[in-house]
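Please open the structure in the viewer and keep the sequence at hand.

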Amino acid sequence: MSMLQGSHTLKTLALSIGAALLTTTAYAAPIQVTSSKDSGEGSLRAALEAVAAGSADSIIITTEDDIEITSTLTYNSHTPISIYGNGQTIETDKNIDLLAITAGANLNISHLKFEGPGGFSITNRGDQQGEAGKGIFVNLRNDQTGTATVTLNDVEVSGVAYHGIHLSDCDIAKDCGAGAGGQGGGSAASIAVNAYNVKVHNVGYGRVDGDGLRVDERNEGDILFTAHNSSFTKVGADGVELDEGQNGSVIVNATNVDFSNNGDYCQKDLLEKLLPSPVEAEFKDGEMSEDKVPMAITGSADDKCFEREVDLYASGSVEAYEFGIDYDDGFDIDEAGNGGIKAVIYSSTIHNNLDEGLDFDEEGEGNVEITLIDSKASGNTDDGFKVTEEDNGNLSALISSVKSHKNSGKGIVLEAKNSGTVAAFIENSETEDNDSGKKSGLKIKGKGVITLRNSEIEDGYKAKKAEIIKI
Ligand SMILES: [Ca+2]
Ligand SMILES: [Ca+2]
Ligand SMILES: [Ca+2]
Ligand SMILES: [Ca+2]
């Protein structure tokens with residue numbers, strides 16, 4: 001490099017530093033929250049309004065006291081917002097959303113707790129006089145593009161009736177996405193959520209389908225979920241549910257995350273006795289007419305807890321019916337439409353959930369690629385790990401140092417239901433004492449090759465069409 005070029009580079013650098021300083025000074029300083037009052041000067045509510053009005057881009061909570069609110073803290077601007085606490089709790093004894101980001105702004109929260117009134121259950125519901133409250137709610141705009149990013153660092157959410165954390169890119173305001181694919185449209189944007197040292201617990205007991213962390217993503221765009229050193233436990237419905245409909249994929253990276261003790265809002269002891277007997281039955285064509293199937297259950301603590309399914313023959317007569325109670329999972333992904341699931345789960349625990357431990361379901365075009373390392377599932381009421389490729393596409397799995405035991409379903413289920421194949425490499429892993437203990441360790445559905453290395457499937461495996469290779 002010649003001297004001339006060198007000095008030119010230096011000059012350019014000096015100019016760009018000057019420009020950066022100028023740009024920085026164009027922003028207002030962070031606004032401080034000095035009052036723990038619900039509103040008024042120095043309050044968090046006033047600070048949110050100030051940031052929305054453009055007079056700051058971040059909030060530092062300096063008051064040492066907890067902040068008690070009686071109505072939702074709302075931020076209605078598009079511009080990104082950061083809120084830095086120092087371990088304070090934002091609390092309420094009202095059944096309300098604690099913090100609502102209503103126009104899809106990027107959100108960054110550090111060192112704060114959000115605590116609802118608690119004490120909800122199926123017999124003390126939060127959805128009978130108005131809506132059930134959430135902890136942190138981010139709602140995207142219908143015209144949003146790019147990626148809406150929510151980053152939570154040292155954040156705890158508890159005691160709310162509905163979802164602990166809810167990120168919604170869905171144009172149906174409520175009840176957007178129950179089940180695979182769900183309902184509604186959305187914006188072109190993706191949703192990214194980063195959870196570091198996040199604890200969500202004791203939420204979702206005030207209504208059916210209240211999850212610890214819930215993402216509803218519709219139209220174009222992906223769900224990008226990253227969680228480290230976090231826990232989603234004691235939640236009425238799923239610990240985490242990612243519901244991605246239409247175009248777009250689900251990308252997961254979870255390290256040292258606990259998804260345990262979830263899914264028991266629908267209380268078995270209250271509801272089971274209301275089920276018809278038998279709860280399921282099959283019939284020959286022409287044997288059973290639809291009007292003889294037991295009616296949907298009414299008059300219970302929450303009738304939405306019951307599932308009723310009736311299959312008919314082409315003739316219109318009943319082929320089968322089944323009743324059940326809707327329990328939920330530790331970690332549930334429903335991906336529908338174009339796009340796949342790519343998930344890496346490392347050093348995580350998935351215990352004692354009332355349905356599956358981990359339940360990943362990929363519908364439509366697209367593949368499933370899952371990497372499970374150094375993780376455990378036990379005591380779940382259904383399968384420990386269940387991964388399903390429903391339609392076109394393949395399932396590939398790397399499973400290393402995984403233990404799945406004492407689940408009431410299978411230990412590990414990998415299924416490709418349509419024309420796709422299953423390819424799995426399973427090493428240093430073990431299953432035992434699942435289900436009946438017979439062929440319940442590992443279940444493979446579909447064609448493919450499963451390689452087992454240094455693994456003990458003590459309770460046996462079922463793989464009708466796939467080849468099992470032991471090395
Ligand atoms: Ca979208
Ligand atoms: Ca759910
Ligand atoms: Ca999709
Ligand atoms: Ca597929």
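Begin by selecting Cys 266 and Cys 305, which form a disulfide with sulfur atoms 2.0 Å apart. A disulfide is defined here as a pair of cysteine sulfur atoms within 2.5 Å. The search of the whole structure finds 1 disulfide. This link is left-handed, with -85° about the S-S bond. The pair links distant parts of the chain, 39 residues apart: Cys 266 is in the loop between strand 15 (250-258) and helix 3 (268-271), and Cys 305 is in the loop between strand 16 (280-282) and strand 17 (306-312). Helices (H or I, at least four residues) and strands (E, at least two) are DSSP runs, numbered from the N terminus. Both cysteines are buried. Buried means under 20% relative accessible area, exposed means over 50%, and partly exposed lies in between, for a 1.4 Å probe and protein chains only.

Before the next stop, a note on the model and its numbering. This is a predicted model, in which local features need pLDDT of at least 70 and side-chain atom pairs count only at pLDDT 80 or more, while totals for chains, interfaces and linings use all residues; side-chain values use heavy atoms, with hydrogens and water left out. Residues are numbered from 1 along each chain as its sequence is written, and chains are lettered from A and ligands numbered from 1 in the order in which they are written.

Is Phe 259 buried or exposed? Phe 259 counts as buried because its relative accessibility is 0%.

**Backbone features**

Most residues other than glycine have a negative phi, and most peptide bonds are trans. Select Ser 277 and Pro 278, which are joined by a cis peptide bond with omega of about -5°. Pro 278 lies in the loop between helix 3 and strand 16.

Next, select His 111, which is not a glycine and yet has a positive phi of about 55°. His 111 belongs to strand 7 (residues 107-115) and is partly exposed, because its relative accessible area is 35%. Then select Asn 202, another residue other than glycine with a positive phi, near 55°. Asn 202 lies in strand 11 (residues 190-203) and counts as partly exposed at 38% relative accessibility.

**Salt bridges**

A salt bridge is a side-chain nitrogen of Lys or Arg within 4 Å of a carboxyl oxygen of Asp or Glu. By this rule the structure has 16 salt bridges.

Select Asp 243 and Arg 218, whose closest N and O atoms are 3.9 Å apart in a salt bridge. Asp 243 lies in strand 14 (residues 240-244) and Arg 218 in the loop between strand 12 (213-217) and strand 13 (223-235), so the pair ties together parts that are 25 residues apart in sequence. Asp 243 is buried, with a relative accessible area of 0%, and Arg 218 also counts as buried at 0%.

Move to Asp 143 and Arg 141, whose side chains meet in a salt bridge of 3.4 Å, N to O. Here Asp 143 counts as exposed at 57% relative accessibility, whereas Arg 141 is partly exposed at 21%. Lys 94 and Asp 93 also form a salt bridge, at 3.4 Å from N to O; Lys 94 is partly exposed at 38%.

Which residues are linked in a network of salt bridges? Select Asp 209, Asp 211, Arg 214, Asp 216 and Glu 241 to display it.

**Surface patches**

Patches are made of residues with over 30% relative accessible area and no salt bridge; like charges are joined within 9 Å, and nonpolar side chains (Val, Leu, Ile, Met, Phe, Trp, Tyr) within 5 Å. Select Lys 439, Lys 445, Lys 447, Lys 462, Lys 464 and Lys 465, which form a positive surface patch. Among them, Lys 445 is in strand 31 (residues 442-445) and is partly exposed at 39% relative accessibility.

Finally, select Val 449, Ile 469 and Ile 471, a nonpolar surface patch with about 240 Å² of accessible area together. Ile 469 lies in strand 35 (residues 466-470) and counts as partly exposed at 30% relative accessibility.

Terms used
Accessible areas come from the Shrake-Rupley method with a 1.4 Å probe; for residues, only the protein chains shown count as cover. Lys and Arg count as positive and Asp and Glu as negative; His and the chain ends are not counted. The place of a charge is taken as NZ of Lys, CZ of Arg, CG of Asp or CD of Glu.
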